[in-house]
Amino acid sequence: MSISICDFCSEPSVAWRYPAQTFVAYAVAGIVGQSVGDWAACSICHGMIEGGDRSGLLERTLRTLLQRNPDMRWAEAELRDQIAAFHRMFFAHQTGAAVT
C-alpha cells in the first residue's frame, strides 16, 4: 500500500482500502470539495467499520482531529455533525468490501 493516512482518524498506519465512488463532499462559496475514489483505513477504524460501530468511528475521528487541532475544540459540536455527514456519504458511496 502507498504511504498514506487513515481517511477516518489520520493515523499513519493504513492497512485497508475501501473502494468508493468519487462524490462531492461539500460546496461552500463556490468552492467544491470532492472525495476522490477509495478511502484508506487503519486497523482500528477498519474494525469499527466492519463491526458496524459508526458512533465509535465518529468519536474516534473527532477525538483524533481535536488532539491534533486543539484550537478547533470550540467547534466540537459542528465538527461532529460535519464528520457524521462525511461518514454517511462514504457509506453511501462505498462500492465494495475492504481490501488490504
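Guide: Buried means under 20% relative accessible area, exposed means over 50%, and partly exposed lies in between. With that in hand, welcome to this predicted model.

Visitor: Thanks! Is Phe91 buried or exposed?
Guide: The cut-off for a buried residue is under 20% relative accessible area. Phe91 has a relative accessible area of 16%, so this residue counts as buried.

Visitor: And what is the relative accessible area of Phe90?
Guide: Phe90 also falls under the 20% cut-off, so this residue is classed as buried. Its relative accessible area is 0%.

Visitor: Which residue lies over the face of Phe91?
Guide: Phe91 has a ring, and the charge of an Arg can sit over a ring if CZ is within 6 Å of the ring centre. Here the distance from the ring centre is 3.6 Å, and the residue lying over the face is Arg54.

Visitor: How are the planes of Phe8 and Trp39 arranged: stacked, tilted or edge-to-face?
Guide: Let me start with the count, which comes to 6 aromatic pairs in this model. In the pair of Phe8 and Trp39, the ring centres are 5.1 Å apart and the planes stand at 50°.

Visitor: What is the arrangement of the rings of Phe90 and Phe91?
Guide: A pair of aromatic rings is described by the distance of the centres and the angle of the planes. For Phe90 and Phe91 the centres are 4.9 Å apart and the planes meet at 65°. An angle over 60 degrees has its own class, so the pair is edge-to-face.

Visitor: Which strand pairs with β2, and with how many bridges?
Guide: Strand β2 covers residues 23–28, and its partner, residues 31–35, runs antiparallel to it. The two form a hairpin with 2 residues between them, and Ala29 in the turn has a positive phi of about 50°. The partner strand is β3, and the number of bridges is 5.

Visitor: Which side chain makes a polar contact with the side chain of Ser35?
Guide: Ser35 sits in strand β3 and, at 12% relative accessibility, counts as buried. Beyond its neighbours within four places in sequence, Ser35 is in contact with Gln21, Thr22, Phe23 and Ala25. The polar contact is 2.8 Å, and the side chain that makes it belongs to Trp39.

Visitor: What joins the side chains of Asp38 and Arg17, and at what distance?
Guide: Asp38 is found in the loop between β3 and β4 and is partly exposed, at 31%. A polar atom of its side chain also lies 3.1 Å from the backbone nitrogen of Ala20. Between Asp38 and Arg17 there is a polar contact of 2.5 Å.

Visitor: Last one: which elements do the buried residues of α2 pack against?
Guide: Helix α2 has 15 residues and reaches 21 Å from its first C-alpha to its last, close to the expected 21 Å. Its buried residues include Leu57, Leu58, Arg60 and Leu62. The elements that the buried residues of α2 pack against are β4, α1 and α3.

Note on methods. Residues are numbered from 1 along each chain as its sequence is written. This is a predicted model: local features need pLDDT of at least 70, side-chain atom pairs count only at pLDDT 80 or more; totals for chains, interfaces and linings use all residues. Side-chain values use heavy atoms; hydrogens and water are left out. Two strands pair if DSSP finds at least two bridges between them. Helices (H or I, at least four residues) and strands (E, at least two) are DSSP runs, numbered from the N terminus. The expected span of a helix is 1.5 Å times one less than its number of residues. Buried means under 20% relative accessible area, exposed over 50%, partly exposed in between (1.4 Å probe, protein chains only). Contact means heavy atoms within 4.5 Å. Rings of Phe, Tyr and Trp (its six-membered ring) pair if their centres lie within 6.5 Å; planes under 30 degrees apart count as stacked, over 60 as edge-to-face and the rest as tilted. A charge sits over a ring if NZ of Lys or CZ of Arg is within 6 Å of the ring centre and within 35 degrees of the ring normal. A polar contact is a pair of N or O atoms within 3.5 Å; within protein, one must be able to donate a hydrogen and the other to accept it, and residues adjacent in sequence count only if both atoms are side-chain atoms.
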